Amino acid sequence: MRTYIDSAEVENVREAYELGLVDGVTTNPSLVAGTDREYRDIIDELTEFVDGPISVEVIATDYEEMLEEAREYDTWGDNIAVKLPMTRDGMKALRTLTAEGVQTNITLIFSVNQALIAAKNGATMVSPFIGRLDDNGHDGVGLIEDIREVYDNYDFETDILAASLRHPYHVQEVAKAGADIATLPPSVADKMFDHPRTDSGLEAFLDDWGDRESPALK
Ligand code: G3P
């Protein structure tokens, strides 16, 4: 499974990159607003070291302005994926951008039917928000399973990008469900490394070894 980092904080992405977790990056208006930086400056810094897709989300909600923004973002790098909302205007813009060969990520997906429509219109990726579904008492991972089944039934090439992940258990469950990509909030990515038995096991090894000299240094 490919892992992206869901953040507009460049240093968070850089730290995860050094740990082998950055196959791409997703951003959204809320994440960018939280940095108090210009969107373009953030993306320019990310494209310096991230080779995989970097999702840049349109702000416009109508077709013409979405296209204007998307075509501008597409010039910000060779690996830009334009993020469009799962709306009627978003789908019309998706059809036009697909014909122009622009990479796309359809966001705010909450149902199989929405994922089906996006795939039929050529989306490069779809982003089901599983955490927000769980937050409302629904089965977020189950949505990934259902989209996987439908995409496999009809050989859709659209990637399922599991988003809105709340904890490491979500990561393993969407991997088991067949997501192509998981986009990780930095806090979730960090927690994936740790287990108390790893720490105690290492401590026990070192205690047993004691103050013997390292075999490599003899
Ligand atoms: O960036 C898309 C998605 O991962 C946002 O998730 O629910 O934590 O705002 P959320």
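This is a predicted model: local features need pLDDT of at least 70, side-chain atom pairs count only at pLDDT 80 or more; totals for chains, interfaces and linings use all residues.

Reader: Fine. Which residues does Lys83 touch, by that rule?

Author: Leaving out residues up to four places away in sequence, Lys83 touches Thr26, Thr27, Asn28, Ser55, Val56, Glu57, Val58, Asn105 and Thr107. Lys83 itself is found in strand S4, residues 80-85.

Reader: What makes Lys83 buried?

Author: The cut-off for buried is under 20% relative accessible area. Lys83 has 4%, so it is buried.

Reader: And which UniProt annotation covers Lys83?

Author: The one called "active site", and it comes from an unreviewed entry. Such annotations may be inferred rather than shown by experiment.

Reader: Next, Ser127. Is it buried or exposed, and how do you know?

Author: Same test: under 20% is buried. Ser127 comes in at 2%, so buried is the word. You'll find Ser127 in strand S6, residues 125-128. Ser127 touches Asn105, Ile106, Thr107, Leu108, Ile109, Leu161 and Ala163, again leaving out residues up to four places away in sequence.

Reader: Leu108 is on that list. What is said of its phi?

Author: Phi of Leu108 is near 60°, which is a positive value in a residue other than glycine. Leu108 sits in strand S5, residues 104-109.

Reader: Why is Leu108 called partly exposed?

Author: Buried stops at 20% and exposed starts over 50%, with partly exposed in between. Leu108 has a relative accessible area of 33%, so it lands in that middle class.

Reader: What about Asp155, where is it?

Author: Asp155 is in the loop between H8 and strand S7 (159-162). Its phi is near 55°, a positive value in a residue other than glycine.

Reader: What makes Asp155 count as exposed?

Author: Exposed means over 50%. Asp155 has 65% relative accessibility, so it counts as exposed.

Reader: And why does Gly20 count as exposed?

Author: With the cut-off at over 50%, Gly20 has 57% relative accessibility and therefore qualifies. Gly20 is in the loop between helix H1 (10-17) and strand S2 (24-26). Gly20 and Gly34 are 14 residues apart in sequence and 25 Å apart in space, C-alpha to C-alpha.

Reader: On to the helices. At roughly what angle do H6 and H8 cross?

Author: The axes of H6 (residues 112-120) and H8 (residues 140-153) cross at roughly 40° and come within 9 Å. Angles under 35 degrees count as roughly parallel and 65 to 115 as roughly perpendicular. The crossing is right-handed.

Reader: Which residues meet there?

Author: From H6 you have Val112, Ala115, Leu116 and Ala119, and from H8 you have Leu143, Asp146, Ile147, Val150 and Tyr151. By class, that contact has eight nonpolar residues, no polar ones and one charged.

Reader: Then why is H8 called roughly parallel to H9?

Author: The axes of H8 and H9 (residues 168-177) come within 9 Å and cross at roughly 20°. Under 35 degrees counts as roughly parallel, so H8 is roughly parallel to H9. This crossing is right-handed. On the H8 side the contact is made by Val141, Ile144, Glu145 and Arg148, and on the H9 side by His170, Glu173, Val174 and Ala177. Those residues divide into four nonpolar, one polar and three charged.

Reader: Which residues of H9 are buried, and what covers them?

Author: His170, Val171, Glu173, Val174 and Ala177 are the buried ones in H9. Their cover includes helix H7 (130-135), H8, S7, strand S8 (181-184) and helix H10 (186-191). Just after H9, Gly178 takes a positive phi of about 95°.

Reader: How about the protein as a whole: how many helices and strands?

Author: There are 11 helices and eight strands. Of the 218 residues, 47% are buried. Among contacts with a separation of 6 or more, 55% are between residues 24 or more positions apart. The C-alpha atoms fill a box of roughly 70 × 40 × 30 Å along the principal axes.

Note on methods: Residues are numbered from 1 along each chain as its sequence is written. Side-chain values use heavy atoms; hydrogens and water are left out. Axes are lines fitted to C-alpha atoms, for helices over the stretch in contact, and angles run from 0 to 180 degrees between N-to-C directions. Helices (H or I, at least four residues) and strands (E, at least two) are DSSP runs, numbered from the N terminus. A crossing is left-handed if the near helix is turned anticlockwise from the far one by less than a right angle, and right-handed if clockwise. Contact means heavy atoms within 4.5 Å. Ala, Val, Leu, Ile, Met, Phe, Trp, Tyr, Cys and Pro count as nonpolar, Asp, Glu, Lys and Arg as charged, and the others, Gly among them, as polar. Buried means under 20% relative accessible area, exposed over 50%, partly exposed in between (1.4 Å probe, protein chains only). Angles under 35 degrees count as roughly parallel, over 145 as roughly antiparallel, 65 to 115 as roughly perpendicular and the rest as oblique.
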